[in-house]
Amino acid sequence: MSKTATSKMTKSNANMKEFLTVFIADQMFGIPVLQVQDVLGPQKVTRIPLAPIEVAGALNLRGRIVTTIDVRKRLQINKAEAAQSKMSVVVEHDNELYSLIIDRVGDVLSLDDDLFEGNPPTLDPVWKEISAGIYRLEDKLLVIIEVPRLLGSIHDVNAK
C-alpha cells in the first residue's frame, strides 16, 4: 500500500465515530461505542423505593449493583407503546455502571464527523437536553445520546 493511500485511510478513520444504535418507539438513537460496556437481554430488576421516576431499579451484573434507567421515562415517551421484551445497554459514567433500558439494539455504525449536525430546532426539548446532535441517515434520523447529560440529574440524586 502506498504512503498516500495509508495517510488517506488514517485521515478518514480519524474523522469517523462509532455508535451503537438503539431503538425506542421506532426512533433510532446512537450511543458512542467507547461508552458501552455491555449489551444485555431482559433482566430481573429490583425496584428502589423513593427513586426518581426514570430509575427502574437496580440489577446485579456479575456481582456489581447497577442502577437501571428506563430511557422511555427519561425521554417522556408514551409507555403504552412499550415493547414486550426489553434490552439493556450498560454504560459507565463517573466510575459507576448504569443499565439503560431500551426497546432493541441495532448495529454499530461508523459515521463521518462531517455529517454530524447540531440539534434541529424542532427536536423535542427533553430530547435536546440529552442529545449531542444528530446524523441524517438515508431513511432515519439518528439522535446521538450524550450519556453524561442523560444520567446527569439521576447521577446527582444518587451522589447525595
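**A buried aspartate and its surroundings**

Asp 70 is buried yet forms no salt bridge, and the nearest side chain of opposite charge, that of Lys 73, is 4.4 Å away. A salt bridge requires a side-chain nitrogen of Lys or Arg within 4 Å of a carboxyl oxygen of Asp or Glu. The model described here is predicted. Its protein chain has 160 residues, of which 39% are buried.

**Surroundings of Asp 70**

- Asp 70 belongs to strand E5, which covers residues 64-70.
- A polar atom of the Asp 70 side chain lies 3.0 Å from the backbone nitrogen of Arg 72.
- Leaving aside residues up to four places away in sequence, Asp 70 touches Glu 54, Ala 56 and Ile 101.

**Position of Gln 43**

- Gln 43 is found in the loop that lies between strand E3 (36-40) and strand E4 (55-61).
- Gln 43 has a relative accessibility of 37% and therefore counts as partly exposed.
- Although Gln 43 and Ser 99 are 56 residues apart along the chain, their C-alpha atoms are separated by 10.0 Å.

**The chain as a whole**

- The protein chain contains four helices and eleven strands.
- Of the contacts between residues at least 6 apart in sequence, 54% join residues at least 24 apart.
- The chain exposes about 9,400 Å², and carbon and sulfur atoms supply 52% of that area.

Notes
Residues are numbered from 1 along each chain as its sequence is written. This is a predicted model: local features need pLDDT of at least 70, side-chain atom pairs count only at pLDDT 80 or more; totals for chains, interfaces and linings use all residues. Side-chain values use heavy atoms; hydrogens and water are left out. Helices (H or I, at least four residues) and strands (E, at least two) are DSSP runs, numbered from the N terminus. Buried means under 20% relative accessible area, exposed over 50%, partly exposed in between (1.4 Å probe, protein chains only). Contact means heavy atoms within 4.5 Å. Accessible areas come from the Shrake-Rupley method with a 1.4 Å probe; for residues, only the protein chains shown count as cover. Lys and Arg count as positive and Asp and Glu as negative; His and the chain ends are not counted. A polar contact is a pair of N or O atoms within 3.5 Å; within protein, one must be able to donate a hydrogen and the other to accept it, and residues adjacent in sequence count only if both atoms are side-chain atoms.
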